[in-house]
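Here are some notes to read alongside the structure. Please go through them in order, with the model open.

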Amino acid sequence: MGSHAWTSPDNVTALLRSAVDADLNDIVEIERSSFADPWTEESFRRLLGGHPAIFQVVENPPDFRVAGYVIAFAIGEDAELLNVAVESKFRGRGLAGRMLDAVLIELGGLGVRTAFLEVRESNSAARALYGSRGFIEIGRRRNYYRRPVEDALVMRRILEVAEGDKEKSAGSFADR
Ligand SMILES: CC(C)(COP(=O)(O)OP(=O)(O)OC[C@H]1O[C@@H](n2cnc3c(N)ncnc32)[C@H](O)[C@@H]1OP(=O)(O)O)[C@@H](O)C(=O)NCCC(=O)NCCS
């Protein structure tokens, strides 16, 4: 996936691009301020470099430092959304939604049919984000998270079938 820019209704342009080594400090800072049980720098480093991991960052004005990131992992027709976060001062501007849109399009292009994720039951912002992008709850993993211990809800989104494959499947948007 190349980079691409969006302009929001209030005329703020943000840039989505692949993550590189030099982004890791910013990413780890956002991760630590976003999660009680954050990933380590090494966990992020292992996912740099492309397929099967999709690892994108969004840069935002005024300084165009990393404002958020999204990571997904594709295996055959299934994918898992592994992580998404936006720095607190940039939340509520549509950045996570647009990152997710871009990743879902890229996954569809890779032949993925179904995307899964887990989310803390209490994380209403993330649940709203995923719901807004067509994910539905399909199950629960008891005591899945630590610090604090909490159930995960499992969510799933069936992806649109690529243009050339339409005649092979009538099942697009099955969950929407
Ligand atoms: C969850 C998170 C990534 C959302 O990022 P964001 O950039 O603020 O989200 P967006 O502005 O793109 O919002 C996307 C959608 O989610 C909804 N949403 C986002 N935050 C919300 C909140 N606090 N309450 C209700 N709905 C919310 C928006 O209404 C929006 O829906 P719409 O597109 O239909 O208008 C951000 O709050 C975050 O980084 N949280 C900490 C890390 C985290 O919990 N990650 C998810 C782990 S599973």
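1. Start with the overall build. The model is a predicted one. Its protein chain holds four helices and eight strands, and their order along the sequence is β-β-α-α-β-β-β-α-β-α-β-β.

2. Next, packing. The protein chain has 176 residues, of which 24% count as buried. Among contacts with a separation of 6 or more, 53% are between residues 24 or more positions apart.

3. Now look at the ligand. The shell around the ligand has 19 residues, and the closest are Arg91, Ala96, Gly97, Ala125 and Ala128. Strand S5 (78–86), helix H3 (95–109) and helix H4 (124–132) each contribute at least two residues to this shell. H4 gives the largest share, with six residues. By type, the shell is made up of ten nonpolar, seven polar and two charged residues.

4. Some backbone details deserve a check. Most residues other than glycine have a negative phi, and most peptide bonds are trans. The bond joining arginine 147 and proline 148 is cis, with omega about -5 degrees. Proline 148 sits in the loop between strand S7 (136–145) and strand S8 (150–158).

5. Arginine 147 is in the loop between S7 and S8. It is not a glycine, yet its phi is positive, about 45 degrees. Is arginine 147 buried or exposed? It counts as exposed, because it has 9 C-beta neighbours inside 10 Å and the cut-off for exposed is 12 or fewer.

6. Asparagine 143, which lies in strand S7, is also not a glycine and has a positive phi of about 50 degrees. Asparagine 143 counts as exposed because it has 9 C-beta neighbours inside 10 Å.

Note on methods: Residues are numbered from 1 along each chain as its sequence is written. This is a predicted model: local features need pLDDT of at least 70, side-chain atom pairs count only at pLDDT 80 or more; totals for chains, interfaces and linings use all residues. A residue is buried if 20 or more other C-beta atoms lie within 10 Å of its own, exposed if 12 or fewer, and partly exposed in between; C-beta atoms are placed from the backbone. Two residues are in contact if their C-beta atoms, placed from the backbone, lie within 7 Å. A residue is near a molecule or strand if its C-beta atom, placed from the backbone, lies within 6 Å of it. Ala, Val, Leu, Ile, Met, Phe, Trp, Tyr, Cys and Pro count as nonpolar, Asp, Glu, Lys and Arg as charged, and the others, Gly among them, as polar.
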